[in-house]
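User: Hey, I've got a protein model open and I'm a bit lost. Can you walk me through its charged side chains?

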Amino acid sequence: MEGEKSQTETDPTPSPTGNGDPIHRQSLTRPRDDRNPEAARCVDGDEHDQYDGDLEDGNAGNGDNAVDTGIQKPKKPSALQKVITKLGLDVPTLLMMFKGSIPPTIGIVIYQSNAVASYFGSFGYLVPIITVFGLAVLPRGKFMMSLVLNVLLIGLGAALSMLALWSAIQARYNTTPAGVDPRLPGYNSSQSAVCGVWLFASIWLSNTLRAKLPSFNLPVIIFSILLNVATTYGAVLTSLEAAEVFIQQLVTAMLAALAIALGVNLLVVPVSSRQVLTRELGACVSLLRKTVSLQKAYLVRLESDDMFSMASRTETQLSNWDKAAKRNKPKLTKEARAAKALHESVAKLKEMAGKLHADAPFAKRDIAWGKLDAKDLSKIISLYRNLYIPVLGMTTITDIFKRISERRGWVVDDSMPPEVLAEKEIEKRVWNSVMRQMRDPFEILSEAIDQGLEHAVICLEIVPRPKPRPGKDVEAQAGKLQPGDPGFAQAIDRKIKAFNLRRGELLRAWVGEREAALQEERIDNPGYKYSAARLERDQVQFYILLFMENLMHTAGIAVHELTAFADSKVEDGTMKKSRLILPGFRRLKKWFIGIVSNEDSSAEQSPDLMEGTPNIIYFGDGYNRKKDPEHLPPATAWQRFGQLLRSLSKFFGSEESAFGFRAACATMTIGIVAFLESSQRFFVEQRLVWAMIMVAIGMTMTAGQSFFGFLCRVGGTVIAMCTSLVIWYMVAERTPGAIVFIWLFTFIDMYFFIKYPRFIPAIMIMIVTQILIVGYELQVMKVGREASERSGQPYYPTYQLAPYRLACVAGGSLVAFLWTIFPSPLTDRTWLRRDLSATLYLVANYFSIVNSTLQSQLDHTEGDSSDPASPAHQLLKLRHKIYGKVMLLLPSLSQHSYWEKWEPTVGGKYPREAYDEIILRSTRIMGYLTLMAYTLTHPVRLHPGKPADGDKKEDCVAGETPEEGGTSSRVPPSRAGSTVPHHERAWIDALADVFDSLSPTNHTILSTLTLLSNSLLSGQSLPPFLPLPRPYEMTRRLMRLGQQHHHHHRRHVSVPGSLPDYDSESSSDTGLPRIKILNTETGADDERDVLERMRSGAGSAAGSYINTHDLLDPRNMEQPGYAEFAALQVCSTLVCDDLERLVKAVSGLVGVVDFSFRVSGAGSSSGSGSATSMSEAGREKGKGKVD
């Protein structure tokens, strides 16, 4: 894709710049690396080799490219090669290590010039130090953003420092007694006090900004270094001229360091953000191909194994294996190995999806010499996501079987009654037959996906075209189309068409097996009746089959669209030559707004959103900013002025301001030594300014991170002290040797900088400490001892200076740690709980948007998603926005979950298992909701026939015309409305007639998620009764509605399509009274209003020829919307199961409002008939004696 040829690596965890780790490299030669999370290969060890297959050469599923058995096997690697592979010392890593070690080395080398040494004087050591904070190893897009912020903060710091020194010198002049020359050296209390005030205020405000906007992390550290040096040394300056020279030298040294970092970033192994995204896309494609291969291997095992027992047994074994793997390395069964490989691949695929989302904005705004512009990159990512989601959706089959086995008690065969075991065997036989029938279609689809992905990435130059392997008959392969060749997309389309022609085989196999099972039941039991429970069970099986078939068809269409886009870029000449690509003004504007604001702009109601449409659209409160429960929106000028005052008060009372205040107090704890007469000389001689700088580097908001950082910084400084002694004395204190060795040790340090991003602050301090110690000695040797001591700092030999530096760093880190936990710490455990609450709230919002999307499609009100004023466009925009926020929160959850382990537990044990359970369930629910949203916005027509009028030619499979009607074609989101012919919407309209009247589970899911979020945030107990939705509740109600329709029909009291009375259903299946669903916005009974509208005929589609009691009839499966309805039912069931476990986990943390009690020995209980029993601890605590 790029004209530049280099290799990069990325990591999704937040970095000092707030946008990913500072190191972005993607391994190409050795992608298998445990410490490299985006490695293209995700299975380690020989136990998974049977699943690697042809994927090792990128040709899985391609029989033509299969490995020849006659090729000689490669030799076993040597011990050195094994060590290199284990350490991950591939070429990209070595290049990044070299690139990171160059800037500080250049800073040291140029100081050996007489001109440079005479200009900078004693500030020469700052140049190599600031180059470390410049992070030249960042990709170009991120580096340029960091560079702009660094220069901006340095300029602001220079102006502020000059203002502080000018005011301090004026204070000295105004307070010097008459007759005494103020230019004479000496202590002045007023001057020191003014410098201290400026320092405190500057550190407070800058660190508040740092806490509020993570992208300012490193720039604020550089800003703090400048202010610390300027104000502490400014307390002894006696003239304004000296202050100007001092600030000029200080700022010039910092800007020179950033210039060196800029040159290295652009000229030494240049890496663009577009290259990073390209490597990530290549890794994503490789992982996706591997996942499809592993999924195929797993489905083959389901053809004969017991999928119900295997699902639960595999999870238990894997859990025990994870705990004991480091001790005795237990062997895994075949099914456990297959499931483990599949789970690892899926986990890394999800991780890479988060990286794509985080790095895409930087790649789009990067200045590059390439072929694909920002819109092309967006389209590629969108098309990849369209394929990635259904492939991951197919992996949920393991979860589905596990939930079925748990719900029906089929986990352990030994404890099951004979009749239950017989029922399970019948179900197993049915699914084994279905899976055998699925093998051939999935084989065709997996080949199409694998070859389509390879063809697309080769055409788009994401990966290079593979070279012929040794031993291959090149002449025999010459006449065959290979991925990347013109016309290869047609071959893929033929495979997709062949797959589409196999549609219906799964359902026919299922019908045959169900009929055979039914006949067997009737032979064994002549009086057998087809019960309602059996009918519901069959309906669930039918849904699962439609769910899998729908995902397979959607994946096939996504492959076609991806290959068609790749071919279009080749045909229109985009891929012929490179060109200069510049970001547009709109993207730069969004980048600037994103830097200065910690949240995206909200889709607020405004007149311009309504322009271009004749309809009046009312948007709900979810589109607006969060309301203030204590104040109404300001209406007058005076109220708006008061709102501004409240904003200032809120700013200074925020947690970010509190962090800034702590940082200022920590800085002044050491800085006060420089402003007192008795200790000012001691501060300068012992170089305590570096202890203040360690405070700026080491201050964090949470206690766990601070304690972890304190240990890492002290440990890193100890190592740096030892290596500095080695560097200086090994070369007999010679300058050339010292420079070479300081480069060598910096080169080694960069390995840990790249491979272990969690230790980046400690590694940076190691490098800085080495430069401070060795660089100071080189400075003395260059300018002489007398010139070095002019600043008031006496000369110390290296063996004495190194321990002093260690004491400074340790003291500064200790002060930073103490002020993090004093007077009251903000723990990572508290932060984790808040992030979990925010995640649950975002998931609730996402579900509400999905529900609104479904409702708008049923009501024909969604409009065209390409129209910015349409509800469909607004829903799409908000869905992407919330999804992005969740993706940014997930790394934060992982980080705080790690750092909380370093916090000392004072009091009771921390419920780590409960929080891990909440993280797991929240992530799963978000995944299922994403699949639901994808199903709604990417429907598939499963019945043959002419495309709708709104179809375009490219919506059909390549090689077919719209008149021929492809067996499967994507329906654009806008076609769900009026563009679909009326006769094709009969089933959807019939469902819309009864959808609202069924009290669907969306109300309870949304309410429960919101309640759990608020309860987790505030710590308030949950209510004893939560209306948790039951799996397949909507299906059950539809079946009951059909039974009532037939019952009323027999009594001749019903009208076709009529609905039951509101009070006709006295209770739910749980025996609890019906819960009144109150609309929180209008205060009206939502369900009663819906029923009244339905009885009056409002909302029904005239001319619907499908009766409501026939909605679930399998004969309707070819109707548009039926397959999507089945997929939504399967996904909502998975959401319900995880939601139930989520409620249990949260209730275990916050408790339940339950005042029931039990009298021991009385055999009865009293109190509120709570649905939630008290815990054993609560019972023991409340136990009493009744006389």
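Predicted model: local features only at pLDDT ≥ 70, side-chain atom pairs only at ≥ 80, totals over all residues.

User: OK, and how many salt bridges does the structure hold?

Analyst: There are 20 salt bridges in the structure.

User: Which residue does Asp366 form a salt bridge with?

Analyst: Its partner is Arg140, and the closest N and O atoms are 3.5 Å apart. This pair links distant parts of the chain, 226 residues apart. Asp366 sits in the loop between α12 (334-364) and β1 (368-370), while Arg140 belongs to helix α6 (residues 140-175).

User: Is Asp366 buried or exposed?

Analyst: Asp366 counts as buried because its relative accessibility is 4%, and buried means under 20%. Arg140 is buried too, with a relative accessible area of 10%.

User: What about Lys495, what does it form a salt bridge with?

Analyst: Lys495 pairs with Glu447, with 3.1 Å between the closest N and O atoms. Lys495 is partly exposed, at 22% relative accessible area.

User: Which side chain does Arg465 meet in a salt bridge?

Analyst: That would be Asp485, at 3.2 Å from N to O. Both ends are in loops: Arg465 lies between α15 and α16 (474-477), and Asp485 lies between α16 and α17, 20 residues apart. Arg465 counts as partly exposed, with 46% relative accessibility.

User: Switching topic: which residues form the positive surface patch?

Analyst: Lys375, Arg586, Lys590 and Lys877 make up a positive surface patch. One of them, Lys590, lies in helix α20 (residues 585-596).

User: Now zoom out for me. How many helices and strands does the chain have?

Analyst: The chain has 39 helices and 4 strands.

User: And how much of it counts as buried?

Analyst: Of its 1187 residues, 52% count as buried. The chain exposes about 53300 Å², and carbon and sulfur atoms supply 59% of that area.

User: Last one: what share of contacts join residues at least 24 apart?

Analyst: It's 80%, counting contacts between residues at least 6 apart in sequence.

Notes:
Residues numbered from 1 in each chain as written. Heavy atoms only, no water. Patch = residues over 30% accessible without salt bridge, like charges linked within 9 Å, V, L, I, M, F, W, Y side chains within 5 Å. Areas by Shrake-Rupley, 256 points an atom, 1.4 Å probe, with all protein chains shown as cover. Salt bridge = Lys/Arg side-chain N within 4 Å of Asp/Glu carboxyl O. Lys, Arg positive; Asp, Glu negative; His and termini not counted. Charge placed at Lys NZ, Arg CZ, Asp CG, Glu CD. Helix = DSSP H or I, 4+ residues; strand = E, 2+ residues; numbered from the N terminus. Buried < 20%, exposed > 50% of the residue type's maximum accessible area, 1.4 Å probe, protein only. Contact = heavy atoms within 4.5 Å.
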